[in-house]
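Here are my notes for a first look at this structure.

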Amino acid sequence: DPLDAEQIAALEPGPDAAGVLTSRLRDGGSAVFTHAGIEPLLAAAIARGEAGGADATLVICASHFPAFPHVRPVFYLEPLAHSGLRGLLSGFDDPGLGVVSPLPEQCGSAVERWTAVAGARVTATAAASPYAGTIADTAAAAASLAPECDLIVLDCVGYGAEAATAARAACAASGHDVPVVTVRSLGARLLSALL
């Protein structure tokens with residue numbers, strides 16, 4: 001957040017970069033960057049929050065991060081969301097999971113993460129940016145996965161309740177009434193049990 005446009009541009013990944021992420025900026029735009037570029041900034045943000053009196057920190061990103069130094073509890077959205085989704089999938093017999101990611105280059109790693117950590121059988125992926133695209137784009141991406149899935153997850157904190165509602169409606173309109181959840185809602189609902 002404290003970076004200027006030039007510093008943000010310097011975080012942009014090269015063509016073969018691994019661990020690519022995207023996020024909304026304060027001005028409403030978006031940025032693309034790598035794990036390696038953002039990790040020291042997240043560590044500094046946690047330290048600033050704790051110095052400012054934070055009782056706990058939530059790292060709001062649907063990706064894996066190392067354990068950052070901290071004094072007070074630090075929660076990570078990704079494992080909260082994975083745990084919640086694993087619980088939801090347990091109600092299906094051999095469920096197929098659809099994953100909508102913001103960037104096309106994230107689809108492969110999404111399959112690996114959801115398979116390894118959540119025990120999911122990912123049957124289809126698609127990309128639609130919640131920052132550079134529209135809710136209609138996200139809904140269309142979800143509907144394209146619906147014939148192959150029992151449940152669809154919108155795998156970025158940028159996807160909100162409106163995107164999930166539109167995606168559910170688009171799936172139903174395509175003839176495949178598939179539940180759609182967001183990592184944001186899964187993580188927030190689980191964490192709210194502590195509040």
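1. Start at D94, which lies in the loop between helix 3 and strand 5. Helices (H or I, at least four residues) and strands (E, at least two) are DSSP runs, numbered from the N terminus. D94 counts as exposed, at 56% relative accessibility. Here buried means under 20% relative accessible area, exposed over 50%, and partly exposed in between, with a 1.4 Å probe and protein chains only. The phi of D94 is near 45°, a positive value in a residue other than glycine. Most residues other than glycine have a negative phi.

2. A word on the source. This is a predicted model, in which local features need pLDDT of at least 70, side-chain atom pairs count only at pLDDT 80 or more, and totals for chains, interfaces and linings use all residues. Residues are numbered from 1 along each chain as its sequence is written, and side-chain values use heavy atoms, with hydrogens and water left out.

3. Two strands pair if DSSP finds at least two bridges between them. Strands of a sheet pair through backbone hydrogen bonds, either parallel or antiparallel.

4. Take the pairs in turn. Strand 5 and strand 6 are parallel and share six bridges. G98 stands opposite A124 in strand 6, and V99 stands opposite T125 in strand 6. Right-handed means that, with the strands pointing away from the viewer, the path from the first strand over the helix to the second runs clockwise.

5. Strand 7 (residues 151-154) has partners on two sides. Four bridges join it in parallel to strand 5 (residues 96-101). The bridge partner of L97 in strand 7 is L151. Three bridges join strand 7, again in parallel, to strand 8 (residues 180-182). There, V153 stands opposite V181. With helix 6 (residues 161-173), strand 7 and strand 8 make a right-handed β-α-β unit.

6. Are the faces of strand 7 covered or open? Both are covered: L151 and V153 are buried on one side, and I152 and L154 are buried on the other.

7. Contact means heavy atoms within 4.5 Å.

8. Axes are lines fitted to C-alpha atoms, for helices over the stretch in contact, and angles run from 0 to 180 degrees between N-to-C directions.

9. How do helix 3 (residues 77-89) and helix 7 (residues 183-191) meet, and at what angle do they cross? Their axes come within 8 Å and cross at roughly 95°. The two helices are therefore roughly perpendicular. The cut-offs are under 35 degrees for roughly parallel, over 145 for roughly antiparallel, 65 to 115 for roughly perpendicular, and oblique for the rest. L77, L80, A81, S83, G84, L85 and L88 in helix 3 meet V183, R184, L186, G187, A188, L190 and L191 in helix 7. The contact residues divide into 10 nonpolar, three polar and one charged. Ala, Val, Leu, Ile, Met, Phe, Trp, Tyr, Cys and Pro count as nonpolar, Asp, Glu, Lys and Arg as charged, and the others, Gly among them, as polar.

10. Finish with two residues in contact. S101 is in strand 5 and is buried, with a relative accessible area of 2%. Beyond four places in sequence, S101 touches residues including A128, D155 and Y159. A128 sits in the loop between strand 6 and helix 5. A128 counts as buried, at 7% relative accessibility.
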